[in-house]
Amino acid sequence: MTTYYVSGDWHLKPDEFPKKCEQFILEAKSVGAHIRLPGDIADFIPVGVQHYIGSYAMRRLGELLQDTDYVIIPGNHDPYAHWMEGNNYLMPLWRIWHEDFLEEGGYVFTHCHQRSDWALLQHIAPQAVQWMVDHYPEEWYWLCRQLGWLPSTQKKRAPQGLKEYEKYTLMTLAIHNAWRRYGDQAEKNIVFGHTHKAELSYCLRSTGEKLYLLNWGDMETDSTYLVIKDGVAELRSIE
């Protein structure tokens with residue numbers, strides 16, 4: 001029996017670690033589940049990775065994930081996996097995936113942000129982003145608000161910015177990435193986030209077979225996550 005607990009889009013702030021994120025990890029540990037965290041766990045972009053060095057959020061995350069089978073997969077807000085792996089001064093974690101997707105157990109775990117406007121930003125991150133945070137923080141955060149690059153909780157103070165799930169529809173993102181990577185003969189179902197919209201869907205291959213598209217939603221606002229047990233996916237929420 002294989003059980004996955006899947007969650008992402010936490011958007012942790014350096015000095016905070018929400019109880020619901022802690023509860024998610026503890027519940028997964030209690031049943032011996034594989035924990036998969038596909039992206040946007042932290043807001044290295046646009047907050048700046050230096051603010052997370054030695055932070056409470058990173059220390060607490062490392063403590064909770066000890067003695068678990070976990071994998072963290074990069075997202076668009078936390079893309080620099082190579083900064084994290086082995087750097088205990090930043091995060092005492094080792095299982096940081098270097099690709100933006102993980103194939104495992106009949107599934108593809110991915111944040112699914114590859115088609116967004118973040119693709120350009122990732123080519124210049126992290127050096128350019130960190131330089132702006134260090135030298136021109138006010139101007140940088142203003143630009144992020146204008147372009148809608150701030151995560152949703154910060155966007156409440158920046159109404160002119162579009163939320164990510166307003167820019168991209170669930171089906172467009174999932175189908176694009178599934179087809180782009182695996183073509184019409186894709187054998188693995190897609191587990192993803194980024195849109196902050198929880199949904200269990202599918203699309204049809206030309207063979208008539210279903211390709212399942214499983215979105216965990218987000219922990220930040222809706223407190224939703226996925227449990228996949230013996231091939232059956234279930235959406236759950238933390239009250």
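I began with how β5 pairs with strand β6 (residues 189-192): the sense is parallel, over three bridges. I looked up Tyr-107 and found Asn-189 as its bridge partner in β6. I keep in mind that this is a predicted model.

Next I checked the pairing of β5 with strand β4 (residues 101-104). This pairing is antiparallel and runs over four bridges. Here Val-108 of β5 is the bridge partner of Glu-103. The β4-β5 hairpin has two residues between the strands, and I noted a positive phi near 60° at Gly-105.

Then I looked at the side chains of β5 (residues 107-110). Tyr-107 and Phe-109 point one way, while Val-108 and Thr-110 point the other way. I found all of them buried.

Ser-223 came next. I located Ser-223 in the loop between β8 and β9 (224-229). Is Ser-223 buried or exposed? Its relative accessible area is 8%, under the 20% cut-off, so I logged Ser-223 as buried. Which side chain does the side chain of Ser-223 meet in a polar contact? I found that of Lys-20, at 3.3 Å. Leaving aside neighbours within four places in sequence, I listed the contacts of Ser-223 as Lys-20, Asp-218, Arg-236, Ser-237 and Ile-238.

Last, I turned to the surface. Tyr-202, Leu-204 and Tyr-212 form a nonpolar patch there, and together they have about 300 Å² of accessible area. I placed Tyr-212 in strand β8 (residues 210-215). With a relative accessible area of 35%, Tyr-212 goes down as partly exposed.

Notes
Residues are numbered from 1 along each chain as its sequence is written. This is a predicted model: local features need pLDDT of at least 70, side-chain atom pairs count only at pLDDT 80 or more; totals for chains, interfaces and linings use all residues. Side-chain values use heavy atoms; hydrogens and water are left out. Patches are made of residues with over 30% relative accessible area and no salt bridge: like charges are joined within 9 Å, nonpolar side chains (Val, Leu, Ile, Met, Phe, Trp, Tyr) within 5 Å. Accessible areas come from the Shrake-Rupley method with a 1.4 Å probe; for residues, only the protein chains shown count as cover. A salt bridge is a side-chain nitrogen of Lys or Arg within 4 Å of a carboxyl oxygen of Asp or Glu. Buried means under 20% relative accessible area, exposed over 50%, partly exposed in between (1.4 Å probe, protein chains only). A polar contact is a pair of N or O atoms within 3.5 Å; within protein, one must be able to donate a hydrogen and the other to accept it, and residues adjacent in sequence count only if both atoms are side-chain atoms. Contact means heavy atoms within 4.5 Å. Two strands pair if DSSP finds at least two bridges between them.
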